[in-house]
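Trainee: I would like to go through this model and ask what each label rests on.
Mentor: Go ahead; have the structure open.

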Amino acid sequence: MTREQKIRLIEELSLNAWPSHKIEYYDGWLIRFSHNYTYRTNSVEQVGTSSIPIDEKIEYCESIYRNFRTPVSFKINPLMDPTFDSLLASRGYTVRHTTEVMMLQLDNVNFHPYPRIAEEYEFYGRNSGLPSWIDYPDDTTVSLRDTITDEWIQGLFRLNGTVNPILRRIVPSMYKAIPKETIVASIEQDGRMVASGLGILDRGYLGLYAIYVEPGCRRRRYARSVCSAILTEGRKRGCQQSYLQVVKGNANAKALYTSLGYEDFYTYWFRWKE
């Protein structure tokens, strides 16, 4: 597989992994809207060939987001004609949310998961063969499930600070619309979720998403334990490679992923305008 083919595949996998609240297909472009929950689900993505003049298409997208009363954003990836990025810049669009895509070969000697101490299977086959709990050093226990539950989503909202009532209403349906097999991870402390993670399996690839740790619980290797649990179980299910997306400048997250064995693959960003 060439680099271009692999980038195209990762872009496709990430679209499957993170559905939008609303989506419109327009002459080879996807117009996505989710009340600004994330940049990816509130942007225009080019996925096919176009026939309509480019200026007309941009103006149409601007009108759509104007009706949504939200800024308009275009996702720019390395497969796109660079003149499109320049065109947006000339129309007053600025670069936002530059994101680095990283890859990990799960059968490579460079994959360094955190060593587990023990695991327990409580549900005896009712959890898609996943262990219910995995113990790691320093009394850390990662809980695994095969289904995204309302309880997990509410815990995620607390970890990532989602308080907007509209988002709290629509985002659960976005997570539950994910059409692929999932590995849902959490760490609890005193009855509340203090760390989260989500693995999404698709055609031998494992996407790593929703890695959050409560601020007061950081530097306890919770994120390392969550990532290791998801990646190891994904490998057992036949995943050969993993990908993730980290915002450029997030040094702590980048250091963690690099130590697990991830390597930089490509970068994308958003052109954004009020």
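Trainee: How do you know that strand E8 and strand E9 pair, and in which sense do they run?
Mentor: This is a predicted model, and the pairing is read from its bridges. Two strands pair if there are at least two bridges between them. E8 (residues 140-145) and E9 (residues 181-189) are joined by three bridges, so they pair, and they run antiparallel. One of the residues involved is Ser-143, whose bridge partner in E9 is Ser-186.

Trainee: What makes E9 and strand E10 a pair?
Mentor: The cut-off is again at least two bridges. E9 and E10 (residues 192-202) have nine, so they count as paired, in the antiparallel sense. Within this pair, Ile-183 stands opposite Gly-199 in E10.

Trainee: What lies between E9 and E10?
Mentor: Two residues, and the strands form a hairpin. Asp-190, in the turn, has a positive phi of about 55 degrees.

Trainee: Why is helix H2 called oblique to helix H3?
Mentor: H2 (residues 54-68) and H3 (residues 82-90) pack at an angle of about 55 degrees, their axes being 12 Å apart. Roughly parallel needs an angle under 35 degrees and roughly perpendicular one of 65 to 115, so H2 is oblique to H3. This crossing is right-handed. Ile-54, Asp-55 and Ile-58 in H2 meet Phe-84, Leu-87 and Leu-88 in H3. By class, that contact has five nonpolar residues, one charged and no polar.

Trainee: What makes the chain as compact as a globular protein of its length?
Mentor: The chain has seven helices and 13 strands. Its radius of gyration is 19 Å, and the globule rule gives 19 Å for 274 residues. The two values are close, so the chain is as compact as a globular protein of that length. Along the principal axes, its C-alpha atoms fill a box of roughly 60 × 45 × 35 Å.

Note on methods
Residues numbered from 1 in each chain as written. Predicted model: local features only at pLDDT ≥ 70, side-chain atom pairs only at ≥ 80, totals over all residues. Heavy atoms only, no water. Helix = DSSP H or I, 4+ residues; strand = E, 2+ residues; numbered from the N terminus. Axes fitted to C-alpha atoms, helices over the stretch in contact; angles between N-to-C directions. Parallel < 35°, antiparallel > 145°, perpendicular 65-115°, else oblique. Left-handed = near helix turned anticlockwise from the far one by under 90°. Contact = heavy atoms within 4.5 Å. Nonpolar A, V, L, I, M, F, W, Y, C, P; charged D, E, K, R; others polar. Rg over C-alpha atoms; globule rule 2.2 N^0.38 Å.
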